[in-house]
Amino acid sequence: MKRFWVCLISLLLLVCPWAISFPATALAAGASVTISVMPQTVQVGDIITVNLTFSASSAIGSFQAGLTYDDSRLEYVSGGGNAVELSGGTGGIVDNGSADTKVLSYSLRFRAIGTGQASFTVTDTEINDYNTGENLGNLYKSKTIPISENTATPVVPTPTPSSGEPIPVSIDGKTLYVLRDLQDAALPEGYDCVSISYHGADIHAAYHPSGLLLLLVMDANGNEEFYIFDDDLDVLYPYVTIAAGGDHTILPLGDVNATGYAPASVTIGNQTVSALAAESNAGLYLVHAMNSQGTSGYYFYDATEDTMQRAWVLSTGAPEADPADAAEEPQPFLWLLFLIPAGICILLLALNILQFRRNKNT
């Protein structure tokens with residue numbers, strides 16, 4: 001009888017880790033949501049883009065999320081396609097992924113209509129695993145958008161720039177010239193011609209719904225290129241796009257420190273941009289870019305292969321590949337759930353065998 005109970009306990013100890021391991025793996029799969037806003041400086045009358053990115057380490061099946069926003073300061077304009085419904089400060093997203101979907105992204109455009117701290121919240125989120133139907137997590141995320149009075153010259157949809165000579169400007173120690181007129185220029189896809197005030201003159205600019213402004217700049221030889229214009233800093237940056245993995249626009253690098261990377265510059269096309277170069281991998285750079293949906297972030301750029309991969313800059317300063325593109329890592333602690341009970345089980349079986357032999361000898 002004693003041997004029966006010893007065997008039963010041993011069997012239970014051997015089976016329990018399997019039961020425990022399944023919910024731990026599901027929990028490790030998980031999901032996350034990020035909210036970003038462009039431009040970061042918002043005034044009344046501006047069109048802003050709220051970028052939502054929902055990520056999971058396993059394939060996403062059915063998906064839904066509740067959305068709320070401050071309709072006294074924000075007016076929903078467009079974006080998100082048929083999956084998004086918003087009105088009067090509330091709404092939501094109902095969508096479906098696929099066997100290959102680990103990231104769902106949405107770009108929502110709002111008009112700032114009032115000053116103050118406008119809130120935008122993702123709530124009541126349900127992301128289900130494509131294969132098992134299991135809920136990967138109930139997510140909640142909130143973003144506050146400061147909106148100030150409009151002190152700049154408003155953007156006019158039908159611009160008429162003032163006549164005059166190109167405006168000289170110094171960029172990287174060279175004298176270049178900002179052109180006032182875009183009538184003969186081919187605008188990049190997704191951009192519209194607008195009028196802005198630049199150094200006291202009304203000029204044409206190319207405007208993207210994400211908030212980017214492009215100015216047409218000419219060098220001393222008459223070559224023309226678009227440059228990104230940062231109105232807050234009054235700075236021009238080269239406008240560079242990469243077609244690898246979809247169209248990406250290179251943005252100013254910003255204030256970022258990444259372990260194992262050093263400040264550098266890299267030539268993409270015929271323009272040189274600021275980047276961080278990998279100290280242990282020649283030809284690999286960390287750049288700041290915006291995809292075709294208006295979502296900005298950091299990317300690994302391989303200058304040799306001319307390829308891009310989304311990167312996350314961790315709080316430790318070490319960049320790593322987007323978890324949506326990386327293979328799932330095994331969870332080392334799960335082995336303890338097997339090793340410890342298995343060791344106890346083997347010990348009990350050994351004691352049981354010794355007791356059996358003693359009883360047999362007597």
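Which strand does Thr249 lie in? Thr249 belongs to strand 19 (residues 248-251). This is a predicted model, where local features need pLDDT of at least 70 and side-chain atom pairs count only at pLDDT 80 or more, while totals for chains, interfaces and linings use all residues. Residues are numbered from 1 along each chain as its sequence is written, and side-chain values use heavy atoms, without hydrogens or water.

**View 1. Thr249 and its contacts.** Strands are DSSP runs (E, at least two residues), numbered from the N terminus; helices are runs of H or I, at least four residues. Thr249 has 8% relative accessibility, so it counts as buried (under 20% relative accessible area; exposed is over 50%, partly exposed in between; 1.4 Å probe, protein chains only). Beyond its neighbours within four places in sequence, Thr249 is in contact with residues including Leu212, Ile228, Tyr239 and His288 (contact: heavy atoms within 4.5 Å).

**View 2. Strand 3 beside strand 8.** Strand 3 (residues 47-56) pairs with strand 8 (residues 103-112). Nine bridges join them in the antiparallel sense. Thr53 stands opposite Ser105 in strand 8.

**View 3. Leu354 in helix 2.** Helix 2 spans residues 333-361 and holds Leu354.

Terms used: Pairing = 2+ DSSP bridges.
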